[in-house]
Amino acid sequence: MDKIHIGLIGFGTVGTGVVRVLKENAQVIKDRLGKEVVLKKIADRDIERDRGVEVSKDALTTDVDSVINDPEIKIVVELIGGTGAAREIILRALKNGRHVVTANKALLSTHGAEIFSAAEKNGVNIGFEASVGGGIPIIKALREGLSANRIESIYGIINGTANYILSKMTNEGGKFETVLREAQKKGYAEADPTYDVEGIDTSHKLAILINLAFGTHVPLGDIYTEGIGRVTELDVKFAREFGYKIKLLAIAKAEDGVIEARVHPTMIPLGHPLSAVDGVYNAIHINGNAVGSVMFYGKGAGMMPTASAVAADIIDICRDMSGGLSVKDGWRGPRMTPLGYAEGAERALSIKKIDDLDVPYYIRFSAIDRPGVLSRISGVLGAHDISISSVMQKGRKRGGTVPLVIITHNAFEREFRKALDEIEKLDVIAGKTMCIRIEESNGGTQ
Ligand code: NDP
Ligand code: HSE
């Protein structure tokens, strides 16, 4: 078998990138694989649109079934996105004995168990490297490179669009909506960009990372998720003055059989390695009990970086199909399960409630500028056992509203919320309060 035929479903941003990588890097892929990867069919709803890459007209089809049912096609690449048609296409392809490659984190985080078990049942591979971190080979790293470790924590910037927006707001003072439109134009954003902005895409990816790192399935509803929609330029500026940067972080920690899983805008110290990760770049910082700290960095979204990960999965599966280096003539089945755990080794772990979180907070009040305001606010905080680390008031507007910023020491979220409810009822507070959790820990990197 010196040619391996594959079929692509979804000729959009990532699909086009895959066609380009397979074409432009055909020789390097052949040199490494010892075989030629032939893209036999490409299915999409629209096969007339110019995608900016040359493909044979005969390869294009609107008939998805003609890809899944083609006996010569061994690997089906799903790049349409979403959880409806994509789920059905993948399950049918697996049932037909096809290997599948997908970048669909929305699908894997909601229907992963069903899809992975269908792959196992049918003795085929499912590659999903592109589902987290774009071009960063984080799935392979967790499943293989770090397989001897007990994973203790994961801190990730894993949404390119949100990081692009926050970086532009921080470094260039860009306006939220304008920068979001830029990210969409560049092909970074999801079909529904609220997934990026509201932290949903990040929590999809965190669910996949948790699955791999801790061998447990976390329902999406158990991942506390908050987006960047309420972060303002003012918060970005205050953050810097206090020595922090705001990043949309995915955080997972395992302690005594309990998993902490959360996604929210987070203030991290300027010296933290993740604070230097800007633009569309992603980074995932992992602590393993043997390896210590490792950090993976690269472009987290966009046509070519994502295509790089999809194509790597295709090559990996082709290698498996030829039985590795020793077996030349026979498929012996995938060399590991999709998540890299032996049968029966996955387990249910409990998820820490957000109320039990114990972190410092940044709070920006819109306070009336009059004597005694601070003592009333600090009185409520004190009554809830929350102590203040620093305070800053910007501007002077006697009787008017000014931003009053407080950084607290560690406090339990449950008490923090109660205190905030009480403070917001005080007559010295005018308008919505902004809170951002602070993560002082550098995850053991220094
Ligand atoms: P696009 O919207 O650019 O491409 C999807 C393509 O599939 C479009 O041409 C779309 O047509 C077509 N399509 C949708 N539904 C069907 C269907 N039922 N039958 C046939 N064709 C269909 O998306 P992306 O390429 O950006 O994303 C693809 C996947 O990759 C998603 O799962 C996404 O989350 C994931 N991903 C994307 C990254 C990125 O940077 N863009 C990075 C990592 C992962 P139409 O335009 O008419 O809807
Ligand atoms: N919309 C996603 C992002 C694509 O911006 O990170 C990569 O998964």
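**Close-up views of a predicted model**

**View 1. The end of helix α11 and its buried face.** Helix α11 is followed by glycine 243, a residue whose phi is positive, near 90°. The model shown in this and the other views is a predicted one. Within α11, which spans residues 233–241, the buried residues include Asp235, Val236, Phe238 and Ala239. When the helix is seen down its axis, the buried residues of α11 fall within an arc of 165°, so they line one face of the helix. An α-helix has 3.6 residues a turn, so residues three or four places apart point the same way.

**View 2. The surroundings of ligand 2.** The shell around ligand 2 is made up of Lys105, Asn159, Gly160, Thr161, Tyr188, Ala189, Glu190, Asp196, Asp201, Lys205, Gly300 and Ala301. By residue class, this shell divides into 3 nonpolar, 4 polar and 5 charged residues, and helices α7 (160–171) and α10 (200–214) each supply at least two of its members.

**View 3. Side-chain contacts to oxygen atoms of ligand 2.** A polar side-chain atom of lysine 105 is placed 2.5 Å from an oxygen atom of ligand 2, and for threonine 161 the corresponding distance from a polar side-chain atom to an oxygen atom of the ligand is 2.6 Å. Asparagine 159 also has a polar side-chain atom facing this view's subject, at 3.5 Å from an oxygen atom of ligand 2. Of the 250 Å² of accessible area that ligand 2 has on its own, the protein covers 94%.

View 4. The structure holds 4 aromatic pairs, among them that of tyrosine 164 and tyrosine 188, whose ring centres are 5.6 Å apart and whose planes stand at 70°, so the pair is edge-to-face. Because tyrosine 164 lies in helix α7 and tyrosine 188 in the loop between α8 (176–185) and α9 (194–197), the pair ties together parts that are 24 residues apart in sequence. Tyrosine 164 counts as buried at 8% relative accessibility, and tyrosine 188 counts as buried at 16%. Tyrosine 188 also belongs to the residues that surround ligand 2.

**View 5. A stacked pair between a strand and a helix.** Tyrosine 361 and phenylalanine 416 form a stacked aromatic pair, with 3.7 Å from centre to centre and 5° between the planes. Tyrosine 361 lies in strand β15 (residues 361–368) and phenylalanine 416 in helix α14 (residues 413–424), so the pair ties together parts that are 55 residues apart in sequence. Both tyrosine 361 and phenylalanine 416 are buried.

How values were computed. Residues are numbered from 1 along each chain as its sequence is written. Chains are lettered from A and ligands numbered from 1 in the order in which they are written. This is a predicted model: local features need pLDDT of at least 70, side-chain atom pairs count only at pLDDT 80 or more; totals for chains, interfaces and linings use all residues. Side-chain values use heavy atoms; hydrogens and water are left out. A residue is near a molecule or strand if one of its heavy atoms lies within 4 Å of it. A polar contact is a pair of N or O atoms within 3.5 Å; within protein, one must be able to donate a hydrogen and the other to accept it, and residues adjacent in sequence count only if both atoms are side-chain atoms. Accessible areas come from the Shrake-Rupley method with a 1.4 Å probe; for residues, only the protein chains shown count as cover. Helices (H or I, at least four residues) and strands (E, at least two) are DSSP runs, numbered from the N terminus. Ala, Val, Leu, Ile, Met, Phe, Trp, Tyr, Cys and Pro count as nonpolar, Asp, Glu, Lys and Arg as charged, and the others, Gly among them, as polar. Rings of Phe, Tyr and Trp (its six-membered ring) pair if their centres lie within 6.5 Å; planes under 30 degrees apart count as stacked, over 60 as edge-to-face and the rest as tilted. Buried means under 20% relative accessible area, exposed over 50%, partly exposed in between (1.4 Å probe, protein chains only). The arc is that of the directions from the helix axis to the C-beta atoms.
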